[in-house]
Amino acid sequence: MSSDGNRSDAGGWCCPPMDLMRSEPMQLVQVIIPVESSRVAVSYLGDLGLLQFKDLNKDKTPFQRTYANQIKRCGEMARRLRFFKDQMAKAGISSSTLPDVVETPSDFDDLEVKLGELEAELTEINANNEKLQITYNELLEYILVLRKAGEFFFTAQNSAVTHQKIEEHRTADGSIETPLLAQDMLNDSKQINLGFVSGLVPKGKSIAFERILFRATRGNMFLKQSSIEDLVTNPVSGEKVAKNVFVVFYSGERAKAKILKICEVFGANLYPFTEDLEKQKKMSEEISGKIKELKITIDLGLARRDKLLKNISYQFEQWNNLARKEKAVYHTLNMFSYDVTKKCLVAEGWSPIFASAQIKNVLLKAKVDSNSQIGSIFQVLTTKESPPTYFQTNKFTTAFQDIVDAYGVAKYQEANPGVYTIITFPFLFAVMFGDWGHGICLLIATLYFVLKENKLSTQKLGDITEMIFGGRYVILMMALSSIYTGFIYNEFFSVPFEIFGKSAYACADVSCSDATTQGLVKVRPTYPFGVDPEWHGSRTELPFLNSLKMKLSILLGVAQMNLGIMMSYFNGSFFKNSLNIWYQFVPQMIFLNSLFGYLSLLIIMKWCTGSKADLYHIMIYMFLSPTDDLDENQLFNGQKSLQLVLLSLALISVPWMLFPKPLLLKKQHEERHQGQAYAMLQTTDSNTIQIEQDQTFNDHEEFEFSEIFVHQLIHTIEFVLGAVSNTASYLRLWALSLAHSELSSVFYEKVLILAWGYNNYAILAIGFIVFLCATIGVLLVMETLSAFLHALRLHWVEFQNKFYEGDGYKFAPFSFVSIPNEED
Amino acid sequence: MGFFVTSLIFLLVGVIAAIFVRLCCNRGPSTNLLHLTLVITAIICCWMMWAIVYLAQLKPLIVPILNEGD
């Protein structure tokens, strides 16, 4: 809210500056660039990547903008490059960069011309190749027709000859059964009426073909078909189809016309055929020769195209980058406002203050490189707008900052929870995951990604692998923390070890007679590091560990929440907001610590003294009947009076959080208003300027008391109720830790040990494989994700709602690195 | 080993880690402060966890009761 007390842009000095704690100070800059050096200047600024331009032409459509034409040209170039890419993919050539191709990136116009030429050449080659291919396929079909039809005629002729011989032996007259052909061959005069066409028809349509021919010619036709075993390439479409060779005999011109039309409809290709054997042979030879020639020509054509594509492929990446860069440059230039009279472009943008020198250098370089007479002007503007948030992160801290940003980008210069998240997030994960065997597995897995990061960062990885690769340092920290907490919980795939010395517990006497009834006795000092190994597998393991882990969760939770409230103090002191410090930070600290800080103290005291006091009872009756005697629940002297004091502190801190701040804000606002009312009477120059400033200030800030009060009420209720609910929420640390150790122990005992008990190698092998799969699937993948999620929630909600506003916007500079590759 | 001795060891480890980090990556005052903060946070987290588990076992109210057949 903008009326939160005084807000000055320069931060207060409560603490020395720390990297990453607050976002970089930003300034609104205005750059005036002469037109002739504008393209080069923007290109260099894109390389620098530290300036976020504001769109000064928001109300113009894309077509009204200055450089719409250039963008169209860039689009055309991009289309050509996509075409090349398709062609290369079809030909199976991948774009590689030949190391010794030194051709420097050419000018924009040169590139455009070159791409146009290459496209024309490529399309021409493709068209020619296609034509040749069609002819080639037709010739192949023709050869088939010649062969098969030749067989018909040959067999028909033979059978005609044999029939004739039989007929001659039988009768002297002609009979109906004499084949037509034989008569044709003998009787020349009848040859005029009979004709035939030969060709190829797709096998699937052959039956319909025959039927329709029969019907169309009223049965006055003779069709002979024979199928071809291999698939034939259809000349026009280029796909392989099963076809039949057919010969159809007809008589008369009308029948011929009908048959030709039907052939066209069915997509049957017709080829001329002669009955003469000699001519057939000659045709076959001719066509075979033609086929060979065509094949050579086609191969040459393809080789030429491949060479062209290979030449393109060497420079494809370069050209692609150049085209994308130019398009981005022109889009950016479109955002500038064009001053026609002075022939220059005016650009406004946000940039970090530390980058001023670099930007000025870049502009100077652009002036020199573009041979411009005039240099660019760089000036800083003052504004009341909220600047974008910019954190300078390296490869390690980027992932953690992304985790914080996923919930909300920090407001300009507010305290960044990311600083502490780097350590506390893996730590809370590890509290829920604690097993040093599993931690080592995670470590090995993530070390692979970390050690090979140079190679993997250039490759294109799948979605999930990309996510894991991006978070490799987070997972590395998580693994290291898990190993530590694994040693503390003393679990190695749920098996405890006595690494740090002897266990503290032993049998009460030598015979160990009541080990199963009364239990062991503490004979040595406490196990020095972690949970005593004797606990594992005992009957009282769960009651002990549950109590330990619940109290651990509460203590860690109270610590983290206190850190969160401290961060709000840092914010208050940085923004010089004393209202927030005195009427929010202080009562919040008092409330949380007088209740849950006191609980933490009780927990520690109970552990240190070994008292049997019931902490639930103490806390509940502190509220219900604070004046009653404590009896056996007394942990230290003066506990009753301390509890009364803490209770009253907690009770007064609630109205302390609620009432003063809105009332004081109202008073501050009235003071400003009063000043303005008095200034109206005086008319000296300095005061009129004062009035203008106040008016502009007040124009932005309307003061609604009810709104402010309700906001504060919500904040107070959220904090008070949240104190209880957030503290309880930390118990998830206990819950997930219990789940993890129980699952781990079940897999170990009920799978591995069970398999071991059979004394059979096969069963042992199967058992081991089941154990491995269960461990990897359930514990290493599912539990990791689960603990990750819950640790994330604890940070986002319980830690950050104590201080984080997170309503800023991220700094998105114009940078060539961040341009997405649209083709992918 | 005792509570205070081990706490002292944690403190020493923290100091050594801070010095080590300062020696190996000395990059300007604000970055150094960040590194120092991270080391301090890590040591405090580790110490808290150890201390809590140690204190819980100092004067136990329940003892391990073994299962039959152990």
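Residues are numbered from 1 along each chain as its sequence is written, while chains are lettered from A and ligands numbered from 1 in the order in which they are written. Because the model is predicted, local features need pLDDT of at least 70 and side-chain atom pairs count only at pLDDT 80 or more, whereas totals for chains, interfaces and linings use all residues; side-chain values use heavy atoms, with hydrogens and water left out.

Helices (H or I, at least four residues) and strands (E, at least two) are DSSP runs, numbered from the N terminus. Two strands are said to pair if DSSP finds at least two bridges between them. Strand 1 of chain A covers residues 26-34, and eight of its nine residues are buried, so the rest of the structure largely encloses it. Here, buried means under 20% relative accessible area, exposed means over 50%, and partly exposed is in between (1.4 Å probe, protein chains only).

Strand 1 of chain A runs antiparallel to strand 11 (residues 377-381) of chain A, with five bridges joining them. It also runs antiparallel to strand 10 (residues 344-352) of chain A, this time through nine bridges. L28(A) stands opposite W350(A) in strand 10, and V31(A) has A347(A) as its bridge partner there.

Strand 10 of chain A has nine of its nine residues buried, so it too is largely enclosed by the rest of the structure. Its residues point two ways: C344(A), V346(A), E348(A), W350(A) and P352(A) go one way, L345(A), A347(A), G349(A) and S351(A) go the other, and all are buried.

| Partner strand in chain A | Sense | Bridges to strand 10 |
|---|---|---|
| Strand 1 | antiparallel | nine |
| Strand 2 (residues 52-53) | antiparallel | two |
| Strand 9 (residues 337-339) | antiparallel | three |

Within these pairings, F53(A) has G349(A) as its bridge partner in strand 10, and S337(A) stands opposite V346(A). Strands 9 and 10 of chain A form a hairpin with four residues between them, and K343(A) in the turn has a positive phi of about 55 degrees.

## Other positive phi values

L20(A) is not a glycine, yet it has a positive phi of about 75 degrees. L20(A) lies in the segment before strand 1 of chain A and is buried, with a relative accessible area of 8%. K576(A) is another residue other than glycine with a positive phi, near 55 degrees. K576(A) sits in the loop between helix 15 (541-574) and helix 16 (578-609) of chain A, and at 48% relative accessibility it counts as partly exposed.

## Cysteines

A disulfide is a covalent bond between the sulfur atoms of two cysteines. In this model a disulfide is called when a pair of cysteine sulfur atoms lies within 2.5 Å. The structure holds one disulfide over all chains, and it joins C507(A) to C512(A), with an S to S distance of 1.7 Å. The torsion about this S-S bond is about 90 degrees, so the disulfide is right-handed. C507(A) is partly exposed at 26% relative accessible area, and C512(A) is partly exposed at 34%.

Elsewhere, C263(A) is buried at 1% relative accessibility. In chain B, the sulfur of C46(B) has its closest cysteine sulfur in C45(B), 6.7 Å away, which is too far for a bond.

## A nonpolar patch and a helical span

F768(A), I769(A), L772(A), I776(A), V781(A) and L785(A) make a nonpolar surface patch of about 560 Å². Patches are made of residues with over 30% relative accessible area and no salt bridge, where like charges are joined within 9 Å and nonpolar side chains (Val, Leu, Ile, Met, Phe, Trp, Tyr) within 5 Å. A salt bridge is a side-chain nitrogen of Lys or Arg within 4 Å of a carboxyl oxygen of Asp or Glu, and accessible areas come from the Shrake-Rupley method with a 1.4 Å probe; for residues, only the protein chains shown count as cover. L785(A) lies in helix 23 (residues 761-799) of chain A and is exposed, with a relative accessible area of 57%.

Finally, an unreviewed UniProt entry lists residues 33-56 of chain B as "transmembrane region". UniProt positions are given in the numbering used here, feature names are shortened, and annotations may be inferred rather than shown by experiment. In the model, that span is 100% helix and 0% strand, and its end C-alpha atoms lie 34 Å apart.
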